Amino acid sequence: MKLTRSWIVIIAAALCLVSAVAAWRVLGVRQPAPAVSYTLLDGGKSSIEAQRGKVLLVNFWATSCVSCVAEMPKIAGTHQKFKARGYDTVAVAMDYDRP
């Protein structure tokens, strides 16, 4: 059986629709972030619970990672730009990186 171009388009559209529905079912279910606490640079403690209601970027990085260090000014700039609108950033360093 030879597939015509119109049938290929119909099949492709159907596959896209099925994929979209599957993604919605997985991503559409909102779960709260797990309870995680962490130590701040000044030695204080905080938790994800303190960030509830904000858009939060959690970035894992290390000073030994060249691309991580290169992206940090952009992450800090984005934080400064949007922090007044409820955006926050948590940069999680590797435990071998000193504060």
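User: Why is Cys68 called buried?

Analyst: Cys68 has 11% relative accessibility, and since buried means under 20% relative accessible area, with exposed over 50% and partly exposed in between (1.4 Å probe, protein chains only), Cys68 counts as buried. This is a predicted model, in which local features need pLDDT of at least 70 and side-chain atom pairs count only at pLDDT 80 or more, while totals for chains, interfaces and linings use all residues. Residues are numbered from 1 along each chain as its sequence is written, and side-chain values use heavy atoms, with hydrogens and water left out.

User: What makes Cys65 partly exposed?

Analyst: The relative accessibility of Cys65 is 22%, so Cys65 counts as partly exposed.

User: How do you know that a disulfide joins Cys65 to Cys68?

Analyst: The S to S distance between Cys65 and Cys68 is 2.4 Å, and because a disulfide is defined as a pair of cysteine sulfur atoms within 2.5 Å, the pair qualifies. The count by this rule comes to 1 disulfide, and the link of Cys65 and Cys68 is right-handed, with 70 degrees about the S-S bond.

User: How many helices and strands does the protein chain have, and what pattern does it follow?

Analyst: There are 2 helices and 4 strands in the protein chain, where helices (H or I, at least four residues) and strands (E, at least two) are DSSP runs, numbered from the N terminus. Along the sequence, the pattern reads α-β-β-β-α-β.

User: What sets the protein chain against a compact globule of 99 residues?

Analyst: The radius of gyration of the protein chain is 21 Å, whereas a compact globule of 99 residues would have one near 13 Å; the radius is taken over C-alpha atoms, and the globule rule is 2.2 Å times the number of residues to the power 0.38. Taken along the principal axes, the C-alpha atoms fill a box of roughly 70 × 30 × 25 Å, and buried residues make up 16% of the 99 residues.

User: Where is Ala91 found, and why does Ala91 count as buried, exposed or partly exposed?

Analyst: Ala91 is found in strand β4, which covers residues 87–93, and with 40% relative accessibility Ala91 therefore counts as partly exposed.

User: Which residues is Ala91 in contact with, leaving aside its neighbours within four places in sequence?

Analyst: With those neighbours left aside, Ala91 is in contact (heavy atoms within 4.5 Å) with Asn59, Trp61 and Met72. Ala62 lies 29 residues from Ala91 in sequence, and the two are 9.5 Å apart in space, C-alpha to C-alpha.
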